[in-house]
Amino acid sequence: KATVSVLYWDRKMAAFRMKEVLPPRALEEMGVMVVVDVGAMSLGGADDVHTNMLQQGLCEVVGFEGNEEECKEANEKALKAAGGCDKVSKVTFFPYVVGNGEEVEFKVGAWSATSSIYEPNMQLVTQFQTLASVMHTVKRAKVQSRRLDDIWESEVKKPALDFIKLDIQGAELQVLQGATSILKTTLVVEVEVEFVQLYQSQPLFADVDTFLRGQGFTFHRFTSIQGRAVKPLSIPSNPHVGTQHLWGDAVYVRDPFSPTSSLTPSQLLRTATILHECYQSYDIAHHYLTKYDAKSDAGPPAVAPVYLEALTQRGITEVRY
């Protein structure tokens, strides 16, 4: 078997678009994917992880942002990003607090991105540089949370969810626990996780990891790991970094290494496309395409060799036997 050795991967943009290498019959078989974005707040105008797929008409987005102003901004941004894509039938963000279906107290942080249903752990965060000033609560409001499974059944009404991204300041596990039905169809999960309790009584990475493994997912990679310096020390060039890891973004995939994949050919194509376009995980994307070729009854040409050739032509990989 050939193995792919990585020489250089650009994490900001895929080396080429999947539509350039997938034959028409594979694109038709894959169809339009459904992406859910919980905590869709725009941070400094950065592109969302699903922007590349959205611009190609490969997905539609259903998002949730509890902050109404941020939800409006997310709607405007997503519609702009999807401009000209006639295959995108819907890009919609709802101003819902997604959770366990109970009434909760929503704590609005001094920086809105730190808002949460959990109380900031000020005793802890004051020990680190730059956190306390943005995490302290400036407003509280009672809100009714909604379970994702309930919203899916009553309003979204899609047959499957392919990719879910969660970034809601400690409440990610609560959302996942309220989405066990729709998670059965989910292929890729990106979830923000904490390694220490930045919020009081919040679940940590180990709790989220245990739950997702119990749902049939396998940890793939961290896309980022963030930290801060412990006071009184600070790095002069950047006070927002430090040696203590505090939180990060973890990606999970379904059924990557079993000898006989439980995924359908369409699901294998969708998984490979998400990993290629969103994470530049070329090796495992190729791995899923190899599984697709073995399982698909569409006949030649095989997809994985074309994909591998596109990578090698661009100097991204070399093949070792």
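1. Helices (H or I, at least four residues) and strands (E, at least two) are DSSP runs here, numbered from the N terminus. With that in hand, serine 224 sits in strand β9, residues 217-228.

2. A word on ground rules: this is a predicted model, where local features need pLDDT of at least 70, side-chain atom pairs count only at pLDDT 80 or more, and totals for chains, interfaces and linings use all residues. Residues are numbered from 1 along each chain as its sequence is written, and side-chain values use heavy atoms, with hydrogens and water left out.

3. How far can you trust it? pLDDT is the predictor's confidence in each residue, from 0 to 100. The protein averages 88, and 89% of the residues score at least 70. Among the elements, α9 has the highest mean pLDDT at 98, while β1 has the lowest at 41. Over residues 1-10 the pLDDT is below 50, though this stretch still has 29 contacts in the model beyond near neighbours in sequence (contact means heavy atoms within 4.5 Å). Where pLDDT is low, the predicted coordinates should not be read in detail.

4. Back to serine 224. Its side chain makes a polar contact with the side chain of aspartate 249, at 2.8 Å. (A polar contact is a pair of N or O atoms within 3.5 Å; within protein, one must be able to donate a hydrogen and the other to accept it, and residues adjacent in sequence count only if both atoms are side-chain atoms.) Setting aside neighbours within four places in sequence, serine 224 is in contact with Gly248 and Asp249.

5. Now the rings: the structure holds eleven aromatic pairs. Rings of Phe, Tyr and Trp (its six-membered ring) pair if their centres lie within 6.5 Å; planes under 30 degrees apart count as stacked, over 60 as edge-to-face and the rest as tilted. Phenylalanine 16 and tyrosine 307 make an edge-to-face pair, 5.7 Å centre to centre with 65° between the planes. That pair links distant parts of the chain, 291 residues apart: phenylalanine 16 is in the loop between β1 (3-6) and α1 (24-30), and tyrosine 307 is in helix α12, residues 303-313. Phenylalanine 16 counts as buried at 2% relative accessibility, and tyrosine 307 does too, at 0%. (Buried means under 20% relative accessible area, exposed over 50%, partly exposed in between, with a 1.4 Å probe and protein chains only.)

6. Phenylalanine 205 and phenylalanine 222 form a tilted pair, 5.4 Å centre to centre and 55° between the planes. Phenylalanine 205 lies in helix α9 (residues 205-214) and phenylalanine 222 in strand β9, so the pair ties together parts 17 residues apart in sequence. Phenylalanine 222 is partly exposed, at 25% relative accessible area. Ring pairs also join Phe195, Phe205, Phe219, Phe222 and Tyr252 into a cluster.

7. Alanine 285, in helix α11 (residues 282-295), is buried with a relative accessible area of 0%. Apart from neighbours within four places in sequence, alanine 285 is in contact with Ala272, Leu275, His276 and Tyr307.

8. Last, the cores. A nonpolar core is a set of buried Ala, Val, Leu, Ile, Met, Phe, Trp, Tyr and Cys residues joined through side-chain atoms within 4.5 Å. The largest has 47 residues, and Phe64, Val189, Val191, Leu198 and Leu212 have the most contacts inside it. A second, separate core of 44 residues includes Phe16, Val49, Cys71 and Val91.
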